[in-house]
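Hi,

Please load it first, then read the notes below.

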Amino acid sequence: MKRLGILTGGGDAPGLNAVIRAVAKVAGAEGVELYGFRNGYSGLIRGDYLKLEKQHISGLLHRGGTILGTNNRENPFNFPVEEDDNIVYKDMSNKAVDNLETLKIDCLIVIGGDGSLAIARELTEKGARIVGVPKTIDNDMQGTEQTFGFDTAVTTATEALDKLHTTAESHHRVMVLELMGRYAGWIALYSGVAGGADVILIPEISWTMENVAKKIISRKEEGKPFSIIVVAEGAKNPKGEQVVRETIEGSGDPVRLGGISHLIARLVETTTGFESRATVLGHLQRGGSPSPFDRILATRYGEAAARLALSGEYGKMVSLRNGLVTSLDFGDISSGCRTVPTNHVLVNAAKNIGISFGD
Ligand code: F6P
C-alpha cells in the first residue's frame, strides 16, 4: 500500500476535518501518501486534488467545515458537463474509477451521507476500492448508531432553546424553533428534551393542533403563560404534508424542506390566542467547532477507516455498534433513512415527563 485518497461529499457536518486528520495521522505513521480530492466527487472527476502533508493537518481537530470542500450536486453517475454553452448531465463514473487507477490510489476514503455512500457503493461495483465513513448532522444513516456532527447540532439547537426560553417567558409568548433533520426527527427529539421543550413535533409522529393547543393552555392554567415548541423541518402539516422550501435542480436529493414553524406559529395564534414567533435555526446547526463527543467519534471513525484501507478491507463502511467502532459491507447497509422509532426510549421518557408530541 502506497497511496490513499480521501474526499468529503454531501452537506458538511462538524467533525469532517477531525476524520481527515485521523486518516492522515495513521497514513503518515505507516509511510503511506494521502491525496485529498477537492469538493467531493467533483475533484475526483476533474482531477482536482492535493497531496496532504503535515502542514495541512495541523490545527484541524477543532475546525468546523472541511478543508477539502464539499458538494451535494455533482454525482459521477449524473455529472454536469458543459457542452455548447449548455449544462448536460452525463454518466462520468468510469472516469472516476479510471482517475483512481491513473493516480495509483490504492483505496479511496469517502466521508459522506447516504447519497455519497450510495455512490461509493456503485463505484465499488465498478471496481473502485473504497472505504466509507458515515456523516450527517441528521443522524439518519442506516448501518450505524450515530453519525458525527449530530451531537454538535444538538448542542447548537439546545443553546438556541435556552435563549428562546428567556424571551418566551418575558413576553408570555409561544416560541417555535424549527430544526433540520430532513425526514427524521433526531435533532428535534434530542435537543427538545435537552432544551426543556413543552412540545416536540417530528415527522414520525402525527400531531393535531388541538393536542398542541391543549398543552399550551394547560401550562397557562398552571401559571406558565409561555411555551416552547420544537419542530423538525420534516414534520408534516395538519394535512399530513411536508413543507418544501425549494427544489434544487441537479442535486441527488433535490427537495429542501423548511417553513413548517411559520405555519405552526400562525396556528398557535389562531387557536390559543397566544402571540407566537417562529425561528428557523438553519445552517447554524451545521457550522462551527465540533463538540468533544463529535471530535472523538470522528477520530475513531477516521482511524478505523484508515486501518480498513491499509489492511485491504474495501467496500465497507465504518459504523458504531453498542458503543464500539466496527464496520459492515456496503451491501449490508439497509436502504432508506433511519427514522425515530415511535416507541424510542427518549420519546417514551419525554412523554412520561409531560412533553407533548401532539399525538
Ligand atoms: O442533511 C443535512 C441537511 O442539513 C439537512 O438537515 C437539511 O435538510 C439539508 O441538509 C439542507 O441542505 P442544503 O445545505 O443544501 O440547504
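Start at Ile202. Leaving aside residues up to four places away in sequence, Ile202 touches Gly185, Ala188, Leu189, Ala232, Ala235, Val340 and Phe357. Keep in mind that this is a predicted model.

Ile202 belongs to the largest nonpolar core, a set of 34 residues. Ile202 is among the residues with the most contacts inside that core, alongside Leu177, Leu179, Ile187, Ile200, Ile228 and Phe357. Which elements give two or more residues to this core? They are helices H6 (150–171), H7 (186–194) and H11 (345–352), plus strands S8 (174–179) and S10 (227–232). H6 gives the most, with eight residues.

There is a second, separate core. This one has 33 residues, including Val23, Val131, Val133 and Leu320.

Now the whole chain. The chain has 11 helices and 15 strands. Its C-alpha trace spans about 70 × 45 × 35 Å along the principal axes. The radius of gyration is 22 Å; a compact globule of 359 residues would come out near 21 Å, so the chain agrees with that expectation.

Of the 359 residues, 52% count as buried. Among contacts with a separation of 6 or more, 71% join residues 24 or more positions apart.

Last, surface and charge. The chain carries 39 positive and 43 negative side chains. The centres of these two sets lie 4 Å apart.

Best wishes

Note on methods: Residues are numbered from 1 along each chain as its sequence is written. This is a predicted model: local features need pLDDT of at least 70, side-chain atom pairs count only at pLDDT 80 or more; totals for chains, interfaces and linings use all residues. Side-chain values use heavy atoms; hydrogens and water are left out. Helices (H or I, at least four residues) and strands (E, at least two) are DSSP runs, numbered from the N terminus. The radius of gyration is taken over C-alpha atoms; the globule rule is 2.2 Å times the number of residues to the power 0.38. Buried means under 20% relative accessible area, exposed over 50%, partly exposed in between (1.4 Å probe, protein chains only). Contact means heavy atoms within 4.5 Å. Lys and Arg count as positive and Asp and Glu as negative; His and the chain ends are not counted. The place of a charge is taken as NZ of Lys, CZ of Arg, CG of Asp or CD of Glu. A nonpolar core is a set of buried Ala, Val, Leu, Ile, Met, Phe, Trp, Tyr and Cys residues joined through side-chain atoms within 4.5 Å.
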